[in-house]
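This report describes a structure chain by chain and then turns to the places where its parts meet. Please look at the sequence and the model before reading on.

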Amino acid sequence: MDFDFGKYTEYMVLGYAAMALILALMIASMAVRFRVLRRQQEEIRRLEAEIAEERRRSS
Amino acid sequence: MTYSDSRTRLLRGLTIAAVVLFVIGLYLALFWVGPERQQGAAQRIFYVHLGSFLGSFIAFGAAVVAGIAYLRTRNPRWDTFGLANVEVGLGMAAITIVTGMTWARPIWNTWWTWDPRLTSVAIMWLAYAAYLMLRSGIEDPERRQRFAAVYGIIAFASVLFTIIIIRVRPDTIHPVVAGPTQADPTGSFEVAGRIRDTLFFNLFTFAVITVVLVWHRIRLENLIQHVMRRKLEVLSEL
């Protein structure tokens, strides 16, 4: 397929690539933060279980 | 941290809709609509440039609503809503600026010029970037929320300034698509046919994308707060 976008195609590509990159960065930054927080939640759950176990043993 | 199934389903549906709309919008802008006679392919940037500006306008406008609502109710949920909108609005404004620069290079023969519109949009972006810096600089949550609410309302002046500037300053070279200008006080909308249809579709698409991103960002902020509270609970038990 041969598409004729007209003159200045390289700037059009650059503009759309920049838009895609910024959108991707916004989404990726949220996804990474979600993942880190879920991991922290797991860690908190594990710590709570350990504390409860320790208390049960000491009592 | 749990949400109702219906809301989660709605968010999932909206997210899928945003992706589908985005793909259709790209197809319309890149393949369906023909090249503009004078600007060629560079004109196709216009669809995402205007769409992302609408997105930032919606987000920053919602931050004003959030600010007013917070000051009236002192409900921290409004603070979360405001923060989410400012963060997403900043991303959308960054798209507007960068796509504008890639359009300006072939059309104006420069990436950037201190034109009134370009200067005002740069000020707008910096004003909202300062919102995030302000938040990170205040430790007391109640004080941070109050300051952020007030700042979010005041910063909207930069958005209005950006919209109005090209209509009152005769020395701007930035094109005006709709509404009155110094040169044409009665105003006009010189976009028709496929260009108009593609433009409206992309405006709608970016509005939906903004709403979806803000909603996800709100959920992220809720999770941040939840994890922070749980950490404090565990620490107090030690």
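Helices here are DSSP runs of H or I with at least four residues, and strands are runs of E with at least two. The model is predicted.

## Chain A

Chain A has one helix and zero strands. Its C-alpha trace spans about 80 × 20 × 10 Å along the principal axes. The radius of gyration of chain A is 25 Å, whereas a compact globule of 59 residues would have one near 10 Å. Of the 59 residues in chain A, 14% count as buried.

## Contact between the chains

Chain A gives 25 residues to the contact, and chain B gives 28 residues. On the side of chain B that touches chain A, the elements giving two or more residues are α2 (45-73), α3 (76-108) and α6 (193-237) of chain B. The most come from α6(B), with 11 residues. By type, this side of chain B holds 17 nonpolar, five polar and six charged residues.

## Two packed helices in chain B

Two packed helices are described by the angle between their axes and the distance between the axes. In chain B, helix α4 (residues 116-137) and helix α5 (residues 141-168) pack at an angle of about 175°, and their axes are 9 Å apart. Because angles over 145 degrees count as roughly antiparallel, α4(B) is roughly antiparallel to α5(B).

The residues of α4(B) in this contact include B:Met124, B:Tyr128 and B:Tyr131. Among those of α5(B) are B:Phe147, B:Tyr151 and B:Ile165. The residues of the contact of α4(B) with α5(B) comprise 16 nonpolar, four polar and three charged.

Notes
Residues are numbered from 1 along each chain as its sequence is written. Chains are lettered from A and ligands numbered from 1 in the order in which they are written. This is a predicted model: local features need pLDDT of at least 70, side-chain atom pairs count only at pLDDT 80 or more; totals for chains, interfaces and linings use all residues. Two residues are in contact if their C-beta atoms, placed from the backbone, lie within 7 Å. Ala, Val, Leu, Ile, Met, Phe, Trp, Tyr, Cys and Pro count as nonpolar, Asp, Glu, Lys and Arg as charged, and the others, Gly among them, as polar. The radius of gyration is taken over C-alpha atoms; the globule rule is 2.2 Å times the number of residues to the power 0.38. A residue is buried if 20 or more other C-beta atoms lie within 10 Å of its own, exposed if 12 or fewer, and partly exposed in between; C-beta atoms are placed from the backbone. Axes are lines fitted to C-alpha atoms, for helices over the stretch in contact, and angles run from 0 to 180 degrees between N-to-C directions. Angles under 35 degrees count as roughly parallel, over 145 as roughly antiparallel, 65 to 115 as roughly perpendicular and the rest as oblique.
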